[in-house]
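Please read it alongside the sequence and the structure shown here.

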Amino acid sequence: MIVVKEYETMLEAYGKAGGNSDALKNKEIGNLVIHKNRVLSTNEVKGINVETEETETGVNIYFLVEEGAKIKYPVHLCFGVLPQEGLQEITIKINAQANSEINVIAHCIFPNAINVIHKMDAAIKIGNNAKFCYQETHYHGESGGVKVLPKAKIWVGKKGVWQSTFTLIEGCVGVLDYDFEIFGDEKSINELLVKVFGKKEDDIKIVEKIHLDGREARGLAKSRLVLNDNAKAVVMGETYGNAPFARGHVDCLEIVNGKGVIAKAIPLVYVKNEQAKVTHEAAIGSIDKKQMQTLMARGLSEEEAVDVIVRGILK
Amino acid sequence: MLEVKSLKLTLNGKSVMDNLNLEIRRGEIHGLLGVNGTGKTTLANLIMGISYPDEGSITFEGQDITQCTISQRAKMGITLAWQEPVRFEGLSIREYLKLSRNLDSNESESYLWMVGLSPAEYLNRAADAYLSGGERKRVELASVLAMKPKVAILDEPDSGIDIISLPHIMNGITEMGKQGSAVLLITHSETGVEIANRVSEMCAGKIINTGAPEEMCQWFKNNCRTCDHIGEPAYEGA
């Protein structure tokens, strides 16, 4: 009974945060809903095996995508802490076996956080020729009282694909320490994208590391940040070209829009094979004046123009 | 409809706009012809409110707008398409066309057709760096068309354009005239003003002549190409 009530409360919070709660009720769509350290719902679909283990402070998850399985609909993961205080530690081991394909959408909800810590430690193995697309979207309240600490190590097999997007643009970030590291084998595609809207006193650290270890591996470490008020951010995008014909790119854009903002970008490109190539671009600056003028010449006010540009960058 | 009177502007001690007068009539395509560096873009910026003159006035439908902001002028019905349109990350062409007013899908499609872009191919594409220069210019023109402005200032819509894109650009400008917009068509090429109703010659920050396109083009060929002012520093960015 308590689980049912918690589950309904989570769905309600998820819906209020802008998520589609129908997707979590649909039996054809795989899902896993966790509140603090309690597993409230799991729905496995054919080709996926999910095992969970509740711990004192979180949940251990073992997530298997079977060899050759092509999962039709995106699988939804929903993690949250609804009270003002709490600790949630998620440890997740993912094994996407060879030739499998899956899209996973993770929603992390902390609408009332005053003192909440959400940790995620992930070890992810993408098999040969497997494709794994992972989108993680956060919904935070306005108090900024949440620490989000997502860490992942990802191994991508031959011709495997990893594409992930981490989005935190709703509510105040609080403290974010994001650290994803990928090791890509031959002809693998390895892409990391982070989009964050920092405001008030938010403190943001982003580390994106891509090791292109296999011949013809491809990598993109991309980040888009908009910082208002007194928000601080440091972005470290690192790509290592370790094999022949490996190609990588680091792309960081930070828009600063507040007198107290501090923004840093530290790209690192490293090549230890003469046939590899890694490039980078990093830009920090205020909102582009000509973009503003163009939008204002279409009749938008200054505030509306800023809003269109910021929403576009974080889209 | 739009009148520029005795406009003066000095930058870094140098006169870049010197007692300039110009009148744009309702519904006309008015060519503004001049070699590089004569102050055409500076004038466009002054009319749009991107910069302000030291002296003189700009009136629109009888109202003095000299000190109005860009947004205020745009809300009155004045707009500008830049020589090099900017690119927007995360904004689709459909969204870009709808910035000025709410369009239904049919309207959005029709404006793309007017500039020779297939809506099926372009409407949901991003208005970003993946568009070529010619495509971006055509999208910019479509967005001006979508705004249905009373006055559209088009800054060198024909420059840097391939021979396939050019007729579509010219068609878009003609459509603008048909829908009742006055157009200030800025160019440094005689062929660029062939579709104009009247043409003004600009030289060293002044309008030196206004008349019929054929007459002005001939005058431009005979005089401006050998003019002493060619090669002077450009005033763009003023």
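Which residue just after α4(B) takes a positive phi? In this predicted model, the residue that does so is B:G116, with a phi of about 75°.

**Helix α4 of chain B**
- Helix α4 of chain B spans residues 105-114, and its buried residues are B:S108, B:Y111, B:L112 and B:M114.
- The partners against which the buried residues of α4(B) pack are α3 (93-97), α5 (119-122), α6 and α7 (165-178) of chain B.

**Helices α6 and α7 of chain B**
- The axes of α6(B) and α7(B) are 10 Å apart and the helices pack at an angle of about 10°, so they are roughly parallel to each other.
- Residues of α6(B), including B:L141, B:A142 and B:L145, meet residues of α7(B), among them B:I169, B:G172 and B:M176.
- Divided by class, this contact of α6(B) with α7(B) has five nonpolar, four polar and three charged residues.

**Contact between chains A and B**
- Chain A gives 17 residues to the contact and chain B gives 18 residues.
- On the side of chain B that touches chain A, the elements giving two or more residues are α2 (70-76), β6 (78-81) and α6 (133-147), and the largest share, four residues, comes from α2(B).
- The residues of that side of chain B comprise eleven nonpolar, five polar and two charged.

How values were computed: Residues are numbered from 1 along each chain as its sequence is written. Chains are lettered from A and ligands numbered from 1 in the order in which they are written. This is a predicted model: local features need pLDDT of at least 70, side-chain atom pairs count only at pLDDT 80 or more; totals for chains, interfaces and linings use all residues. Two residues are in contact if their C-beta atoms, placed from the backbone, lie within 7 Å. Ala, Val, Leu, Ile, Met, Phe, Trp, Tyr, Cys and Pro count as nonpolar, Asp, Glu, Lys and Arg as charged, and the others, Gly among them, as polar. A residue is buried if 20 or more other C-beta atoms lie within 10 Å of its own, exposed if 12 or fewer, and partly exposed in between; C-beta atoms are placed from the backbone. Axes are lines fitted to C-alpha atoms, for helices over the stretch in contact, and angles run from 0 to 180 degrees between N-to-C directions. Angles under 35 degrees count as roughly parallel, over 145 as roughly antiparallel, 65 to 115 as roughly perpendicular and the rest as oblique.
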